[in-house]
Amino acid sequence: MTRSNKPIVWGPFAAGGTLTAFVTPALIVLTLLAGLGYAPELLGYDRLHAFMGHWLVKLAAIAVVFVSLWSSAHRLRITCYDLGLRADMLVATVVYAVALTGALAAAVFLAGI
Amino acid sequence: MAEEMSPRPYLRPITSEWIFRHPRYLRYLVREFSCLFIGGYTLLLVAGLKSLSEGRGAYEAFLECLRSPASIAFHVLALAFATYHSITWFNLTPKALPLQLGEEFVPDVAISGAHFAVWGVLSLALLYFAGAF
């Protein structure tokens, strides 16, 4: 039997779909409020710097960024196929690479906080 | 000669016009397009982390960018798409997580309803924790 890599691709997709369903709208509201001039206390530099400085928060942030980007990448790959772009291997490589790079960048930036 | 006789495989023409054949296909595509906004928003958060790691000045500049009309417009669109993603995702949970108690299956509306309730409470808790109200 040939082994399938589907569970590896699909696991983070399902995790990301669930996580973004639960938290992304609220996160968007937070930065939208900041944009409208009603920045929540947590988004002040000192508060946020101290909050993001905790190692547990850093780990959680990396996980959130990774699964959010991965699930978006996977959905984009499927959508490209549905819209008639059949170079699946190329599309998959590009979108997953962007997702991994984004998560890696987040880890590097968090290490500097 | 033999080449002409051999049956060629039927190649289905690849088009995108199927999208408009039924409203549900269009709704499906709207749901799938939410990935551009959720992914884009996540990259925006990564940019925020970058500015936070670079110091107070960089972070204040990031907050200033959030105030631009383009950012506000993106946020409003992203909020709409992300909310649509949440609704469709939770509506699908009874299909992904069918729950059997004894002989009976738990009704679909109870499973998705529980997810909607948790989503509401979690969102309010997050906003409260961040000091939004």
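Which charged end sits over the ring of A:Y81, and how many Å from its centre? In this predicted model, the charged end belongs to A:R86 and lies 4.1 Å from the centre of the A:Y81 ring.

**Aromatic pairs**

Over all chains, a search of the whole structure finds 16 aromatic pairs. One of them joins B:F90 and B:W119 in a tilted arrangement. B:F90 belongs to helix α4 of chain B (residues 69-96) and B:W119 to helix α5 of chain B (residues 108-129), so this contact ties together parts that lie 29 residues apart in sequence. Both B:F90 and B:W119 are buried.

B:W119 also pairs with B:F116, and this pair is tilted too. B:F116 and B:W119 are both in helix α5 of chain B, 3 residues apart, which means that about one helical turn separates them.

The geometry of the two pairs is as follows.

| Pair | Centre to centre | Angle between planes |
|---|---|---|
| B:F90 and B:W119 | 5.7 Å | 50° |
| B:F116 and B:W119 | 6.2 Å | 50° |

**Burial and cluster**

B:W119 has a relative accessibility of 14% and therefore counts as buried, because the limit for that class is under 20%. B:F116, at 26% relative accessibility, counts as partly exposed.

These rings belong to one aromatic cluster, formed by A:F22, B:F90, B:F116 and B:W119.

Conventions
Residues are numbered from 1 along each chain as its sequence is written. Chains are lettered from A and ligands numbered from 1 in the order in which they are written. This is a predicted model: local features need pLDDT of at least 70, side-chain atom pairs count only at pLDDT 80 or more; totals for chains, interfaces and linings use all residues. Side-chain values use heavy atoms; hydrogens and water are left out. Rings of Phe, Tyr and Trp (its six-membered ring) pair if their centres lie within 6.5 Å; planes under 30 degrees apart count as stacked, over 60 as edge-to-face and the rest as tilted. Helices (H or I, at least four residues) and strands (E, at least two) are DSSP runs, numbered from the N terminus. Buried means under 20% relative accessible area, exposed over 50%, partly exposed in between (1.4 Å probe, protein chains only). A charge sits over a ring if NZ of Lys or CZ of Arg is within 6 Å of the ring centre and within 35 degrees of the ring normal.
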